[in-house]
Amino acid sequence: MTMTDFDKIVEALAAADDITIASHVIPDGDCLGSMLALAISLEELGKKVVVVNADSVPDMLKFLPSQEKITLPEKVTNVSPLLVMVDCTDLERAGETVSQWKPKVKQIINIDHHVSNSYFGHLNLVDSKAAATAEIIYSLLLKIPATITPEVATCLYTGLATDTGSFQYENCTAKTLRLAANLMEQGADIPLIREYLWERKPLSSIKLLTHALPTLTLSHDGKVAWMSVTQEVLDKIGSLLQHTEGLVNYPRSIEGVEVGLLFRELPDNQIKVSFRSKKNVDVDKVAAQFGGGGHKRAAGCTIKGDLETVIKKVVSSVGEVL
Ligand code: 5GP
Ligand code: MN
């Protein structure tokens with residue numbers, strides 16, 4: 001993270017009247033929480049802000065303040081000269097429409113915490129030590145300076161809680177916990193966050209688990225474990241792709257497993273792969289072999305092909321780096 005870009009970003013945000021903020025496809029708590037915290041704060045400062053995401057907000061995140069303002073990129077007729085990208089390794093992570101805005105915008109600000117970030121912005125604020133992009137947004141808001149309202153605190157706390165798996169993963173530092181405590185004091189709605197994230201799963205997502213668990217397979221002396229979810233299963237129980245969130249933690253949680261994987265069939269002959277590791281394997285590097293990326297201990301990619309072939313290819317690549 002270079003201080004110069006940090007200061008230039010603060011300046012650029014202060015100078016702009018119109019700002020578009022975008023984040024990655026299949027959105028999660030950190031990308032939406034970070035995007036909305038920034039949007040709410042900039043609106044408070046009198047700016048016109050448009051927040052976009054190519055996919056709809058998952059039900060479990062529909063409590064986030066201002067989430068109803070998120071629009072599809074296709075609906076944006078006039079893109080602002082300033083585009084802020086949040087929690088994205090590259091511009092393509094926000095989907096095709098946003099990628100095509102590149103020639104139309106004057107300046108792209110890239111705020112992210114993924115090791116595999118490609119520094120695609122004119123200004124880049126990338127800190128791979130940050131547990132969540134929400135951590136970086138917080139320091140930016142302090143510098144602007146913007147008031148951390150209870151709504152902003154709720155958004156940022158959600159980013160921290162989801163990207164650290166409720167503060168249990170290796171990326172969670174003393175700084176993360178201190179920040180969470182600050183956000184609690186600043187009015188983050190913890191009961192609301194708890195309810196939506198952990199205590200109101202649709203019944204179909206638990207039924208989904210009963211279909212996913214029988215697919216559990218181990219290889220490489222029990223160091224690799226994976227599960228898969230087909231479209232057929234999703235259709236049968238009336239479950240959605242968003243309900244597969246967290247399933248990858250089952251293979252990872254097994255004693256002796258170093259890499260846990262989840263393979264999800266997408267509707268268009270593509271497979272979404274989630275990688276999780278415990279101690280030794282940099283899964284961002286394995287995901288990168290397939291055009292994806294992420295963090296050392298959590299990464300993902302989308303691969304064209306049928307389920308069996310993709311599983312074989314990915315498991316074999318994981319085996320090579322064990
Ligand atoms: P998940 O497996 O939960 O979808 O993602 C794990 C981590 O990897 C997240 O930080 C996510 O942003 C990143 N990630 C997931 N899929 C992709 C992908 O296709 N490309 C890149 N660059 N990162 C990904
Ligand atoms: Mn993140």
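Let's start with helix α12 and the side of it that faces out: turned away from its buried side, α12 carries the exposed residues Glu308, Lys312 and Glu320. By exposed I mean over 50% relative accessible area, by buried under 20%, and partly exposed is in between, using a 1.4 Å probe and protein chains only. Helices here are DSSP runs of H or I with at least four residues, strands are runs of E with at least two, and both are numbered from the N terminus.

Quick note on the source: this is a predicted model, where local features need pLDDT of at least 70 and side-chain atom pairs count only at pLDDT 80 or more, while totals for chains, interfaces and linings use all residues. Residues are numbered from 1 along each chain as its sequence is written, chains are lettered from A and ligands numbered from 1 in the order in which they are written, and side-chain values use heavy atoms, with hydrogens and water left out.

Which residues of α12 are buried? Those are Leu307, Val310, Ile311, Val314, Val315, Ser317 and Val318. Looking down the axis of α12, these buried residues fall within an arc of 160°, so they line one face of the helix; that arc is taken from the directions from the helix axis to the C-beta atoms.

Next, a pair of helices. The axes of α2 (residues 29–44) and α5 (residues 150–163) come within 8 Å and cross at roughly 160°. Angles over 145 degrees count as roughly antiparallel, therefore that's what we call α2 and α5. Their contact, meaning heavy atoms within 4.5 Å, involves Gly33, Leu36 and Ile40 of α2 and Cys155, Leu156 and Gly159 of α5, among others.

In general, most residues other than glycine have a negative phi, and most peptide bonds are trans. Tyr119, though, has a positive phi near 50°; Tyr119 sits in the loop between β4 (107–112) and β5 (123–126) and is partly exposed at 46%. Asp221 also has a positive phi, near 55°, lies in the loop between β6 and β7, and is exposed at 78%. Then there's a cis peptide bond joining Ile144 and Pro145, with omega about -10°.

Last stop: is Thr20 buried or exposed? Thr20, in strand β1 (residues 18–23), is buried, with a relative accessible area of 2%.

Conventions. Axes fitted to C-alpha atoms, helices over the stretch in contact; angles between N-to-C directions. Parallel < 35°, antiparallel > 145°, perpendicular 65-115°, else oblique.
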